[in-house]
Amino acid sequence: MDRSQKEALVAEMNGVFADAGVVVIAEYSGLTVAEMTNLRVKMHEAGANFKVTKNRLARLALDGTDYSSLSDKLKGPVGIAYSSDPIAAPKVVTDYAKGNEKFVVIGGAMGSTELDAAAVKSLASLPSLDELRGKLVGLLQAPATKIAGVIAAPASQLARVLSAKAEQG
């Protein structure tokens, strides 16, 4: 990789970090290519990305962003997971770490707030944006359903009474 390619990579990563909602750093030492591919597929399905770069280039890309505090965590074979949704990347990384002891979450950041491994895990336990939207729609629909049930109840009770009278007479 020559100098111009490195500069282009740093500029691209800087743009990614500027737009990211969350960044998670994880150590991947000992993972096979198939396991890394599986992780990347899961990240892509969740709307997140996982990138492995040289730590020096990643530190340069972090400069000038909210995530510059993560520079000290870039030691050894680490990868960077990021997403615009603050729940997507932590959720996939944490789930993957549960199933693979070679993959270890080191920490991360959400905006200018630095997160340790426990904070990343607790962030992953929150519902995703789509789940929250579904719950909100359910809450908004619940009163309408209850109103419809209350309005329909007298009519159904009247129908049952008339049916019972018809059977008697």
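Lys 73 is buried, at 18% relative accessible area, where buried means under 20%, exposed over 50% and partly exposed in between (1.4 Å probe, protein chains only). The model is predicted: local features need pLDDT of at least 70, side-chain atom pairs count only at pLDDT 80 or more, and totals for chains, interfaces and linings use all residues. Residues are numbered from 1 along each chain as its sequence is written, and side-chain values use heavy atoms, with hydrogens and water left out.

Lys 73 forms a salt bridge with Glu 114 at 3.2 Å, N to O; the term requires a side-chain nitrogen of Lys or Arg within 4 Å of a carboxyl oxygen of Asp or Glu. Because Glu 114 belongs to strand S5 (residues 113–116) and Lys 73 to the loop between helix H3 (55–62) and strand S3 (78–83), the pair ties together parts 41 residues apart in sequence. Helices (H or I, at least four residues) and strands (E, at least two) are DSSP runs, numbered from the N terminus. Glu 114 is partly exposed, at 37%.

**Pairs within helices**

The count comes to three salt bridges. Arg 3 pairs with Glu 7, the closest N and O atoms being 3.4 Å apart; the two are four residues apart in helix H1 (residues 3–19), about one helical turn. Lys 98 and Asp 95 meet at 4.0 Å, N to O, and lie three residues apart in helix H4 (residues 88–99).

**Overall form**

The protein has six helices and five strands. Its C-alpha atoms fill a box of roughly 95 × 30 × 30 Å along the principal axes.
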